[in-house]
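Open the model in your viewer and keep the sequence panel beside it. The stops below are meant to be selected one after another.

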Amino acid sequence: MVKPFVPQLVYVEPQALVYPLGKELVSKFESMGIEIRQTTSHNQIRNLPGENHFQKYRIAKSTLVIGLRKTLKFDTSKPSAEYAIPLATGCMGHCHYCYLQTTMGSKPYIRTYVNVDEIFNAAEEYMKERAPEMTRFEASCTSDIVGLDHLTHSLKRAIEFFGASEYGKLRFVTKFAHVDHLLDAKHNGKTRFRFSVNDDYIIKYFEPGTSRLDERIEAAVKVADADYPLGFIVAPIYIHDDWKKGYQELFEKLDAALPSNARKDLTFEMIQHRFTKPAKRVIQENYPMTKLELDESKRKWKWGKYGIGKYVYTNEEQEDIKDTLGGYIHKYFPDAKIEYFT
């Protein structure tokens, strides 16, 4: 079982200590005997320990930076929400294929933002602009927020903030099972709690440092029992030997575990494996022994909306994935909604 994340090294921006959460986190880590260093900016951690890139990367992934989110302009977040709400950046997981590999680039350390009330005030303004329409906020665009929240409780506060709001909804996705502290949050049905799931082959070979499938499913049952709307993201859908059998076993496990209350408002999102040229370079540098198949000649080239092209599966493979997994969802969860396949 993956233990809850504890940083090996902590950096703090001086102005973070003006905020109650900043003070609380620093005193928590001091009492745990963790080394705390000062930094002028959460974007400028230059003196990370490590002899070479490989070591520095791994140390960075276990380093936490306590700082302020200065930019309170939220990115738009499609297809799952209108906006991304920035509570943290970076992740302690080591998923080989992760798109954060390139977006985090030279900054793979984890950052948590302590000016939470200012972030909520900004969210309030976005909700006002769109009222009386509902505005959905995604809390996991740049991090796996659940993997960090047992330390910060920022996500728990966000769940209760949106639970009390008139026009806001919250969503996030996780590969971690450390959910117990979130079960009593007053969510009022306004937060969709999603788990990223995959077949055993993917989790075994490409998702080190994350909770195993059975642990995620067990956590999903707890979340459903706490009356959260529940969802699953099957991602990245990856073609390998016996992939159809592997994914069928995944849905059989979900079907065997999920009680009827977990199925009444269940959503699925499906995302095929894709990669960019820069991502391939970074992945091979960070995980030189990876079994991840990154052969451009086997893929279809697709322009991304930000002008960066990516390699996806061929049209025939995409149809096969969609039909196969869609078929399993309809068979085992006939009342569930498939939100998208991309």
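**Stop 1: Thr314 and its loop**

Thr314 lies in the loop between strand E13 (309-312) and H11. Helices (H or I, at least four residues) and strands (E, at least two) are DSSP runs, numbered from the N terminus. This is a predicted model, in which local features need pLDDT of at least 70 and side-chain atom pairs count only at pLDDT 80 or more, while totals for chains, interfaces and linings use all residues. Residues are numbered from 1 along each chain as its sequence is written, and side-chain values use heavy atoms, with hydrogens and water left out.

Thr314 has 23% relative accessibility and so counts as partly exposed; the class lies between buried (under 20% relative accessible area) and exposed (over 50%), with a 1.4 Å probe and protein chains only. Apart from neighbours within four places in sequence, Thr314 is in contact with Lys298 and Lys300, contact meaning heavy atoms within 4.5 Å.

**Stop 2: Gln318**

Move on to Gln318 in helix H11 (residues 315-332). Is Gln318 buried or exposed? With a relative accessible area of 16%, Gln318 is buried. A polar atom of the Gln318 side chain lies 2.8 Å from the backbone oxygen of Tyr313. Select the contacts of Gln318 beyond four places in sequence: Gln272, Lys300, Val312, Tyr313 and Phe341.

**Stop 3: helix H8**

Select residues 213-225, the 13 residues of helix H8. From first C-alpha to last, H8 reaches 18 Å, close to the 18 Å expected at 1.5 Å a residue; the expected span is 1.5 Å times one less than the number of residues. Buried residues of H8 include Leu213, Ile217, Val221 and Val223. What do the buried residues of H8 pack against? They pack against strand E9 (191-197), helix H7 (200-206), strand E10 (230-237) and helix H9 (243-257). After H8, select Asp227, whose phi is positive, near 70°.

**Stop 4: H4 against H6**

Show helix H4 (residues 116-130) with helix H6 (residues 154-163): their axes come within 11 Å and cross at roughly 30°. Axes are lines fitted to C-alpha atoms, for helices over the stretch in contact, and angles run from 0 to 180 degrees between N-to-C directions. On the H4 side, select Val116, Asp117, Phe120, Ala123, Glu124 and Met127, which meet Ser154, Arg157, Ala158, Phe161 and Phe162 in H6.

Terms used
Polar contact = N/O pair within 3.5 Å; in protein donor to acceptor, adjacent residues only side chain to side chain.
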